[in-house]
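This report describes a single protein chain for a reader who works with coordinates. Please look over the sequence and the model before reading on.

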Amino acid sequence: MTSDSTEGGTGGAGTGALSPQDEAVLGVERRSWPRPGAKERVIRERLGISPTRYYQLLNALLDDPRALAHDPVTVNRLRRVRDARRSRR
């Protein structure tokens, strides 16, 4: 999967649905990873984006109510992790 015209942010804004890329990003986060580097390889090979871009998209998705509606368990878990990291700074 490669990036499309939604490169500047999460796709499907205003449409009420997440873009296929946004759904794929959440799908990657839903999985557990057996070894270091496996997740980054999947990001590059399946999503066709750099890990840096992936984490930018993911961070934006965590604040998107459509992402919460699509996958509340994953989004809430990642929000807790993000909030814990922020409070340690």
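The text below moves from the overall fold to one helix, then to selected residues, and ends with a pocket.

**Overall architecture**

The structure is a predicted model, and its secondary structure comes to five helices and zero strands, so that reading along the sequence gives the pattern α-α-α-α-α. Of the 89 residues in the protein chain, 38% are buried. Among the contacts with a separation of 6 or more, 51% are accounted for by residues 24 or more positions apart.

Helix α2 covers residues 38–47, and its buried residues are Ala38, Lys39, Val42, Ile43 and Leu47. Because these buried residues fall within an arc of 140° when seen down the axis of α2, they line one face of the helix. They pack against α1 (20–30) and against α3. The face of α2 turned away from the buried side carries Arg44 and Glu45, which are exposed. After α2 comes Gly48, whose phi is positive, near 70°.

**Selected residues and their burial**

| Residue | Relative accessible area | Class |
|---|---|---|
| Tyr54 | 0% | buried |
| Tyr55 | 36% | partly exposed |
| Leu57 | 4% | buried |
| Thr74 | 4% | buried |

Leu57 has its place in helix α3, which spans residues 51–62. Its relative accessible area of 4% lies under the 20% cut-off, and Leu57 is therefore counted as buried. Although Leu57 and Gln21 are 36 residues apart along the chain, their C-alpha atoms are separated by 9.3 Å.

Thr74 is found in helix α5, and Thr74 is buried as well, with a relative accessible area of 4%. When residues up to four places away in sequence are not counted, Thr74 touches Leu26, Glu29 and Arg30.

**The aromatic pair**

A pair of aromatic rings is described by the distance of the centres and the angle of the planes. How many aromatic pairs does a search of the whole structure find? The search finds one, and this pair is formed by Tyr54 and Tyr55, with 4.9 Å centre to centre and 85° between the planes. Because an angle over 60 degrees counts as edge-to-face, the 85° between the planes of Tyr54 and Tyr55 places the pair in that class.

**The largest pocket**

Rolling a probe the size of a water molecule over the atoms shows where empty space is left. The largest pocket has a volume of about 340 Å³, and the elements that give two or more residues to its lining are α3 and α5 (72–88). Which element gives the most to this lining? That element is α5, with six residues. In total the largest pocket is lined by 13 residues, of which Tyr55, Leu58, Val81, Arg82 and Arg85 lie nearest its centre. Tyr55, one of these residues, is also a member of the edge-to-face pair with Tyr54. By class, the lining of the largest pocket holds seven charged, five nonpolar and one polar residue.

Note on methods: Residues numbered from 1 in each chain as written. Predicted model: local features only at pLDDT ≥ 70, side-chain atom pairs only at ≥ 80, totals over all residues. Heavy atoms only, no water. Phe/Tyr/Trp six-rings, centres within 6.5 Å; stacked < 30°, edge-to-face > 60°. Buried < 20%, exposed > 50% of the residue type's maximum accessible area, 1.4 Å probe, protein only. Helix = DSSP H or I, 4+ residues; strand = E, 2+ residues; numbered from the N terminus. 1 Å grid on protein atoms, 1.4 Å probe; cavity = no way out; pocket = protein on both sides within 12 Å on 5 of 7 lines; lining within 4 Å. Points joined across faces, edges and corners; volume = space filled by probe spheres on them. Nonpolar A, V, L, I, M, F, W, Y, C, P; charged D, E, K, R; others polar. Arc of directions from axis to C-beta. Contact = heavy atoms within 4.5 Å.
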